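Please look over the sequence and the structure shown below. The report that follows goes through selected residues and the side-chain pairs they form.

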Amino acid sequence: MHVPHIFTPKGKLNKSPYSVLVRRRNMQTNQTNVKSKGKLDAQAILLLVVHALFGGANALSGTFVGVYLWKAKNDFTLIGWFTLTTHLTMAITFWLAGKWVKEHNKMNCLRIGVSISACFYMLVLWMGTSSVHYFVWLGMVQGISVGLFWISFNVVYFEVTDPDNRDRFNGWVGLLGAGAGIIAPWISGLLIVSLGDGAGYRLIFSISLGIFLLGVVVSFFLKKRKLSGTYEWLLPLRILRQPQTPWKRVSLALLFQGVREGVFGFMIGLLVYISTSSEASLGNFALITSSVALVSFWAAGRFIRPSFRKKSMFIGSVMVVLVILPFFWKMSFSTLLIFGIGSALFFPMYSIPMVSAVFDLIGSDDESAKQREEYIVLRELSLNVGRVCGVLLFICVISWSKEPLVINVLLLVIGSSTFFSWVFIRNQLPAAKS
């Protein structure tokens with residue numbers, strides 16, 4: 001970031017096109033009282049609906065993709081390679097799609113991302129149990145779909161929110177995600193158990209397909225966003241090479257956040273299934289933990305303010321590590337449930353300040369706000385580097401030993417990355433003011 005001229009000198013009026021647009025919008029808002037401080041407008045609410053549909057479809061079936069592959073071939077390494085392929089493809093998609101989002105129609109990018117997610121489940125339905133032989137291609141399809149959706153979603157999210165309502169929006173994102181997590185996996189587990197593997201998985205993948213298509217329809221109610229500027233392909237590298245940029249610390253914090261996400265995203269659900277041999281138990285696990293997360297995200301989104309972000313993130317980052325320790329006593333549904341409830345309770349205290357602080361940094365001055373697409377690509381590349389590193393560590397260790405103690409130590413090491421994430425971003429958190 002260009003530290004010497006980030007902020008407009010006190011007493012001088014910044015006349016850049018972006019700042020003029022912002023002032024004009026704020027004047028109109030103040031005159032008509034359309035938007036109260038901290039409230040979400042209609043476009044932000046519509047974006048939440050699209051996110052809820054996307055998250056709901058993934059919660060319905062995504063929770064069971066790892067189980068589906070595991071039942072076809074009991075191989076941790078294969079699932080690790082599937083996940084690694086997804087994250088690598090996602091990172092490349094983010095970087096390439098940044099030009100599309102900045103210079104063309106970002107809403108079409110979002111819609112195509114949702115549509116390709118539907119195609120992913122169509123492919124799984126068509127291939128059936130032979131999907132295990134095409135895990136690399138399936139991982140690539142999933143990576144493209146997720147990359148296209150999130151690059152466009154995050155850019156639009158930045159445009160429809162501001163520092164006053166960003167924590168509230170993030171709270172609602174978590175709240176709706178938890179709500180989907182309560183109902184969808186529980187229903188999926190019951191359907192798979194009652195209908196059998198073949199019919200059950202076909203039905204839930206088909207329902208997900210329909211929800212994704214509904215998400216595409218709803219997305220047409222979002223306004224077409226204005227375009228400005230030319231995409232700078234190597235801006236992330238240029239930013240990180242600057243000596244005094246805060247993005248060096250922030251990128252390391254995002255990297256460590258990604259380490260945990262890359263492995264825990266698939267491993268915990270798989271461990272629940274292995275411990276119980278029942279999709280219904282996995283659905284119940286999701287029901288209980290998501291119910292806790294529903295309340296936790298609501299409370300965090302409502303009460304966390306910029307002044308409390310540093311303490312909140314520290315508490316959250318430490319507690320989500322401590323809840324891993326029961327695994328060393330015994331790996332069972334009970335200890336997994338302790339972990340799940342503890343994570344659901346404290347993870348919002350970590351994640352909401354993290355997301356808000358990063359996007360506040362993007363909007364800290366006119367120049368970075370105008371290059372929001374490139375900065376969002378930098379954010380996502382940092383996350384995906386961490387995810388790839390986490391999965392590679394998982395593959396290496398699991399190829400060496402599958403002993404319970406080794407797996408538990410691995411989970412503790414990977415889970416501890418949240419604390420290091422806080423260490424690197426903590427000095428940035430006080431800079432975010434309401």
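## Two valines

Val323 sits in the loop between α11 (309–322) and α12 (333–362); helices here are DSSP runs of H or I with at least four residues, strands are runs of E with at least two, and both are numbered from the N terminus. The model is predicted, so local features need pLDDT of at least 70 and side-chain atom pairs count only at pLDDT 80 or more, while totals for chains, interfaces and linings use all residues. Residues are numbered from 1 along each chain as its sequence is written, and side-chain values use heavy atoms, with hydrogens and water left out.

With a relative accessible area of 11%, Val323 is buried (buried means under 20% relative accessible area, exposed over 50%, and partly exposed in between, with a 1.4 Å probe and protein chains only). Leaving aside neighbours within four places in sequence, Val323 is in contact with Phe339, Gly342 and Ser343, where contact means heavy atoms within 4.5 Å. Leu336 is 13 residues from Val323 in sequence, and their C-alpha atoms are 9.3 Å apart in space.

Val49 belongs to helix α2 (residues 42–72). Its relative accessibility is 34%, so Val49 counts as partly exposed. Val49 and Val173 are 124 residues apart along the chain, with 9.3 Å between their C-alpha atoms.

## A nonpolar patch on the surface

Seven residues are named here: Leu322, Leu325, Phe328, Leu393, Leu405, Val409 and Val413 form a nonpolar patch on the surface. Together they have about 590 Å² of accessible area, a value from the Shrake-Rupley method with a 1.4 Å probe, in which only the protein chains shown count as cover for residues. Patches are made of residues with over 30% relative accessible area and no salt bridge; like charges are joined within 9 Å, and nonpolar side chains (Val, Leu, Ile, Met, Phe, Trp, Tyr) within 5 Å.

Helix α15 (residues 404–415) gives the largest share of the patch, 3 residues. Val413 lies in this helix, α15.

## Salt bridges

Side chains of opposite charge can pair when their charged atoms come close. The structure holds 13 salt bridges, each a side-chain nitrogen of Lys or Arg within 4 Å of a carboxyl oxygen of Asp or Glu. One of them joins the side chains of Glu373 and Lys102, at 3.1 Å from N to O. Glu373 lies in helix α14 (residues 372–400) and Lys102 in helix α3 (residues 76–103), so this pair ties together parts that are 271 residues apart in sequence. Are the two partners buried or exposed? Glu373 is buried at 2% relative accessibility, and Lys102 is buried with a relative accessible area of 2%. Both residues belong to a network of salt bridges that links Lys102, Lys106, Glu159, Arg372, Glu373 and Glu374.

Glu380 and Arg379 also meet in a salt bridge, with 2.3 Å from N to O. Glu380 counts as buried at 4% relative accessibility, and Arg379 counts as buried at 8%. Glu232 forms a salt bridge with Arg238, and their closest N and O atoms are 2.8 Å apart. Here Glu232 is partly exposed, with a relative accessible area of 26%, and Arg238 is partly exposed, with 30%.

## Aromatic pairs

A pair of aromatic rings is described by the distance of the centres and the angle of the planes. Rings of Phe, Tyr and Trp (its six-membered ring) pair if their centres lie within 6.5 Å; planes under 30 degrees apart count as stacked, over 60 as edge-to-face and the rest as tilted. By this rule the count is 31 aromatic pairs. In one of them, the ring centres of Phe54 and Trp150 are 6.4 Å apart and the planes stand at 90°, so the pair is edge-to-face. This pair links distant parts of the chain, with Phe54 in helix α2 and Trp150 in helix α5 (residues 135–160), 96 residues apart. Phe54 is buried at 5% relative accessibility, whereas Trp150 is partly exposed at 25%.

The rings of Tyr201 and Phe205 have centres 5.9 Å apart and planes at 45°, so this pair is tilted. Both residues lie in helix α7 (residues 197–219), 4 residues apart, which is about one turn of the helix. Tyr201 and Phe205 are both buried.

## Charges over rings

Arg111 lies over the face of Phe220, 4.1 Å from the ring centre. A charge sits over a ring if NZ of Lys or CZ of Arg is within 6 Å of the ring centre and within 35 degrees of the ring normal. Arg426 lies over the face of Trp422, at 5.8 Å from the ring centre.
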